Amino acid sequence: MALRHAVLAALLHEELSGYQLAKAFDTGVANFWHALPQQLYAELTRLETEGLVTGREVVQDTRPNKRLFTVTGAGLAELERFTAATAKPSFIRDDLLVKVHAVDHVNADAVIAQLRERAAFAEAKIELFGSLLRTMRGDRDEEEFLRHGDRIGPYLTCLCGLTFEEGNRDWCLRGAAALEERRAARARG
């Protein structure tokens, strides 16, 4: 997958400015694709040049003018081609896992601290995803929303992010506890 597909998918439901797109990436798309605002602006320019999105200038009285972007027919065709292609398997590439892998031969204190820090970060994301899911569902329970709700794609990707972060938090806490127990057992002698 390229950044272009994540941008096109984010623009499917409404026109967004580059700033709004960056915010959408921060809160919704970031659980499956990370991009810096500069990368998003550059990608919007490329997509517009290729005719996959179109932009229009919005004149604002009290603030600078902004450009709003929407997916074109060609952009939708590109997404159609992308979604029909076989998805590549995902993989983990994480420097914290390298540190944990090496923990038997280094001072474990820094690794334990980083595991606890990652667990706290995951907890914050869990709260964010939970809030986003509640907002998307409105007054429906999850099963009813999954059967009849609008915009099921963003809901499912947010649900995946929630599940991922819950697993990440739990693994980090378990790993930190195991390393602390081993350290305490060695100290007792």
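Modeller: Buried means under 20% relative accessible area, exposed means over 50%, and partly exposed lies in between (1.4 Å probe, protein chains only). This is a predicted model, so local features need pLDDT of at least 70 and side-chain atom pairs count only at pLDDT 80 or more, while totals for chains, interfaces and linings use all residues. Residues are numbered from 1 along each chain as its sequence is written, and side-chain values use heavy atoms, with hydrogens and water left out.

Colleague: Are Phe 145 and Tyr 155 buried or exposed?
Modeller: Apply the cut-off above. Both Phe 145 and Tyr 155 come out as buried.

Colleague: How are the rings of Phe 145 and Tyr 155 arranged?
Modeller: Rings of Phe, Tyr and Trp (its six-membered ring) pair if their centres lie within 6.5 Å; planes under 30 degrees apart are stacked, over 60 edge-to-face, and the rest tilted. The structure holds one aromatic pair. Phe 145 and Tyr 155 form that pair, with 4.6 Å centre to centre and 45° between the planes, and the class is tilted.

Colleague: Which helices does the pair of Phe 145 and Tyr 155 tie together?
Modeller: Helices (H or I, at least four residues) and strands (E, at least two) are DSSP runs, numbered from the N terminus. The two residues are ten apart in sequence, and Phe 145 and Tyr 155 lie in separate helices, so the pair ties together α7 and α8.

Colleague: What span does helix α8 reach from its first C-alpha to its last?
Modeller: α8 covers residues 152-188, which is 37 residues. The expected span is 1.5 Å times one less than the number of residues. For α8 the expected value is 54 Å, and the model comes close to it, at 54 Å.

Colleague: Which helices do the buried residues of α8 pack against?
Modeller: The buried residues of α8 include Cys 158, Leu 162, Glu 165, Arg 169 and Leu 179. Contact means heavy atoms within 4.5 Å. The partners are α6 (108-137) and α7 (142-148).

Colleague: Which residues does Asn 168 contact, leaving aside neighbours within four places in sequence?
Modeller: Asn 168 lies in helix α8. Its relative accessible area is 15%, so it is buried. Beyond its sequence neighbours, Asn 168 is in contact with Arg 118 and Ala 122.

Colleague: What positive phi does Arg 151 have?
Modeller: Arg 151 sits in the loop between α7 and α8. At 42% relative accessibility, Arg 151 counts as partly exposed. Just after α8, Gly 189 also takes a positive phi, of about 100°. Arg 151 is not a glycine, yet its phi is about 50°.

Colleague: How are α1 and α3 oriented to each other?
Modeller: Axes are lines fitted to C-alpha atoms, for helices over the stretch in contact, and angles run from 0 to 180 degrees between N-to-C directions. Under 35 degrees is roughly parallel, over 145 roughly antiparallel, 65 to 115 roughly perpendicular, and the rest oblique. Helix α1 (residues 3-10) and helix α3 (residues 37-49) pack at about 85°, with axes 10 Å apart. They are therefore roughly perpendicular.

Colleague: Is Val 53 buried or exposed?
Modeller: Val 53 is in strand β1 (residues 53-58). Its contacts beyond four places in sequence include Leu 8, Leu 44, Leu 47 and Phe 69. At 2% relative accessibility, Val 53 counts as buried.

Colleague: What relative accessible area does Thr 70 have?
Modeller: Thr 70 is in strand β2 (residues 66-71). Not counting residues up to four places away, Thr 70 touches Glu 15, Leu 52, Val 53 and Thr 54. Thr 70 is partly exposed, at 26%.

Colleague: How far apart are the C-alpha atoms of Asp 104 and Ser 131?
Modeller: Asp 104 is in the loop between α5 (95-101) and α6. Asp 104 is exposed, with a relative accessible area of 60%. Along the chain, Asp 104 and Ser 131 are 27 residues apart, and their C-alpha atoms are separated by 39 Å.
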